[in-house]
Structures are given as structure tokens and as C-alpha cells.
Amino acid sequence: DTEVTQTPKHLVMGMTNKKSLKCEQHMGHRAMYWYKQKAKKPPELMFVYSYEKLSINESVPSRFSPECPNSSLLNLHLHALQPEDSALYLCASSPTSGQGSYGYTFGSGTRLTVV
Amino acid sequence: ELKVEQNPLFLSMQEGKNYTIYCNYSTTSDRLYWYRQDPGKSLESLFVLLSNGAVKQEGRLMASLDTKARLSTLHITAAVHDLSATYFCAGDKIIFGKGTRLHILP
């Protein structure tokens with residue numbers, strides 16, 4: 001299995017809702033990442049987990065809450081989002097922290113719309 | 001802090017032509033990565049350049065790295081419409097350039 005699987009692919013949520021994005025990989029990668037990408041912009045790093053511990057939080061608002069239950073799973077819990085949080089949320093993984101010799105493997109993304 | 005700059009940011013070219021996308025980075029980075037993104041899709045890893053002088057080719061795309069000049073190039077040979085996409089370079093510190101939107105006219 002050489003994929004990063006993200007669910008759901010599309011999500012529409014209200015500003016008072018609570019939802020979660022899920023990311024899964026079975027490549028034995030020990031680093032996992034959340035990126036946010038707005039239209040026609042590069043991906044912006046949000047969080048890095050290395051060996052299931054949060055190693056980087058790029059000053060992301062607390063309405064985004066990451067969780068890494070085990071080495072294969074990464075969640076992003078969403079609460080009280082704003083319309084400007086609408087974006088493509090990408091999960092990526094790599095064997096160890098940093099792109100190393102292989103670069104990242106990206107999931108297909110979750111397109112989030114906040115209404 | 002590593003900064004990655006790409007140029008051009010937008011490129012419209014005719015099929016059959018050659019062109020080069022440039023990626024400059026601000027501080028030492030031993031490695032450089034190129035990704036492709038189709039509209040509304042995720043990123044696909046194209047090339048991983050691990051050392052000075054590295055050159056990699058895949059089909060009509062060839063990437064190179066000059067760590068002394070802090071420059072990587074992505075060269076497109078005899079472009080075809082299927083290569084239309086946004087191309088990102090990224091340095092070793094998880095920082096992406098702004099991307100080059102490539103539009104190839106039939």
C-alpha cells in the first residue's frame with residue numbers, strides 16, 4: 001500500500017458544527033503532516049507529527065485540533081470554523097520528519113466549505 | 001528561514017516548445033523537490049534532487065540542482081497539453097514555492 005487516504009473527500013459544515021478529517025497511511029511512515037491550501041496558492045503547513053508526537057504547530061488557531069491516535073492515523077478536529085477556513089486540506093506522510101530521499105506522499109485532500 | 005521563489009508564476013506556451021521553470025532558495029538546502037498539481041487535485045511528487053549537480057529526467061521533464069547557486073530548474077522539452085498543471089518546488093524545510101501555473105496551448 002503506497003497511498004495516503006483522506007476522508008471525507010468533500011465536507012460542508014456550518015460555523016457551529018464540529019467535524020473531523022481523517023488521514024490514514026500504511027506505509028510505515030513515522031511523520032505525518034496537515035497542510036491547508038487555498039485556491040491558486042501553495043500548500044501552507046499547519047501541523048507536523050513525528051513518531052506520533054506533535055513536533056510543529058505553525059501558529060494554527062485553536063479551532064483546528066490535530067490528533068495522532070497511532071502511527072497510521074492522523075485526524076484534524078474542526079470546531080467553530082469561519083468561512084475563510086474553506087480550503088483544500090491535504091495530509092502527507094514521509095518515512096521520517098522532513099522530505100528526505102523520497103519527498104512527501106500526499107493524500108487526495110478534503111475540500112472543506114464552511115457556510 | 002528558508003524562502004523558495006519560483007519564476008515565472010504563470011506560463012502559457014505552445015505545444016512543441018521548450019521552456020524552463022526556475023526555483024531559487026534563500027539558504028542552504030541540500031535537497032530540492034518538485035511536485036505537480038492538477039486543478040482541484042492533490043500533489044504528485046515528480047523529482048527528488050538530493051545533491052549538487054543532480055539531474056533527473058522523466059519523459060519531457062528534466063530537473064537539475066545547483067546547490068552553490070541555490071537554484072533548481074525544471075526544463076520542459078517539446079511541451080504537450082497533458083503537461084498543463086501547477087508545478088511547485090520545495091526546499092528541505094517543508095517550504096513550498098508559490099508554484100508555476102503552466103498552460104500549454106494546443
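A: In this predicted model, A:Cys23 and A:Cys91 are joined by a disulfide, with an S to S distance of 1.9 Å. The torsion about the S-S bond is -70°, and the link of A:Cys23 and A:Cys91 is left-handed. The two partners come from distant parts of the chain, since A:Cys23 belongs to strand E3 (residues 18-25) of chain A and A:Cys91 to strand E9 (residues 87-94) of chain A, which places them 68 residues apart. A:Cys23 counts as buried because its relative accessibility is 0%, and A:Cys91, also at 0% relative accessibility, counts as buried as well.

Chain B has a disulfide too, formed by B:Cys23 and B:Cys89, whose sulfur atoms are 2.0 Å apart. Here the angle about the S-S bond is 85°, and the link of B:Cys23 and B:Cys89 is right-handed. B:Cys23 lies in strand E3 (residues 19-25) of chain B and B:Cys89 in strand E9 (residues 85-91) of chain B, so this pair ties together parts that are 66 residues apart in sequence. Both B:Cys23 and B:Cys89 are buried. Over all chains, the structure holds 2 disulfides.

A:Cys68, by contrast, is in no disulfide, and the nearest cysteine sulfur, which belongs to A:Cys23, is 9.3 Å away. A disulfide requires sulfur atoms within 2.5 Å.

The surroundings of A:Cys68 include a cavity. The count comes to 1 cavity of 30 Å³ or more, and the largest cavity has a volume of about 40 Å³. A:Cys68 is one of the residues that line the largest cavity, together with A:His29, A:Arg30, A:Ala31, A:Met32, A:Tyr49, A:Tyr51, A:Glu52 and A:Ser71. By residue class, the lining of the largest cavity divides into 5 nonpolar, 2 polar and 2 charged residues.

The sheet in this part of chain A is open and has 4 strands, in the order E1-E3-E8-E7, with antiparallel pairing. Its edge strands are strand E1 (4-7) and strand E7 (64-70) of chain A, each of which pairs on one side only. From one strand to the next, the twist averages 20°. E7 of chain A is joined by 5 bridges to strand E8 (residues 73-79) of chain A, and the two strands run antiparallel. Within this pairing, A:Pro66 has A:Leu76 in E8 of chain A as its bridge partner.

Beyond E3, the loop between E3 and strand E4 (31-37) of chain A contains A:Gly28. The C-alpha atom of A:Gly28 is separated by 9.4 Å from that of A:Ser93, although the two residues are 65 residues apart along the chain. A:Cys91, the disulfide partner of A:Cys23, lies in strand E9 (residues 87-94) of chain A.

Key:
Residues are numbered from 1 along each chain as its sequence is written. Chains are lettered from A and ligands numbered from 1 in the order in which they are written. This is a predicted model: local features need pLDDT of at least 70, side-chain atom pairs count only at pLDDT 80 or more; totals for chains, interfaces and linings use all residues. Side-chain values use heavy atoms; hydrogens and water are left out. On a 1 Å grid over the protein atoms alone, a cavity is a set of points where a 1.4 Å probe fits but cannot get out, and a pocket is an open set with protein on both sides within 12 Å along at least five of seven lines; lining residues have an atom within 4 Å of a point. Grid points are joined across faces, edges and corners, and a volume is the space filled by probe spheres set on the points. Ala, Val, Leu, Ile, Met, Phe, Trp, Tyr, Cys and Pro count as nonpolar, Asp, Glu, Lys and Arg as charged, and the others, Gly among them, as polar. Buried means under 20% relative accessible area, exposed over 50%, partly exposed in between (1.4 Å probe, protein chains only). Two strands pair if DSSP finds at least two bridges between them. Axes are lines fitted to C-alpha atoms, for helices over the stretch in contact, and angles run from 0 to 180 degrees between N-to-C directions.
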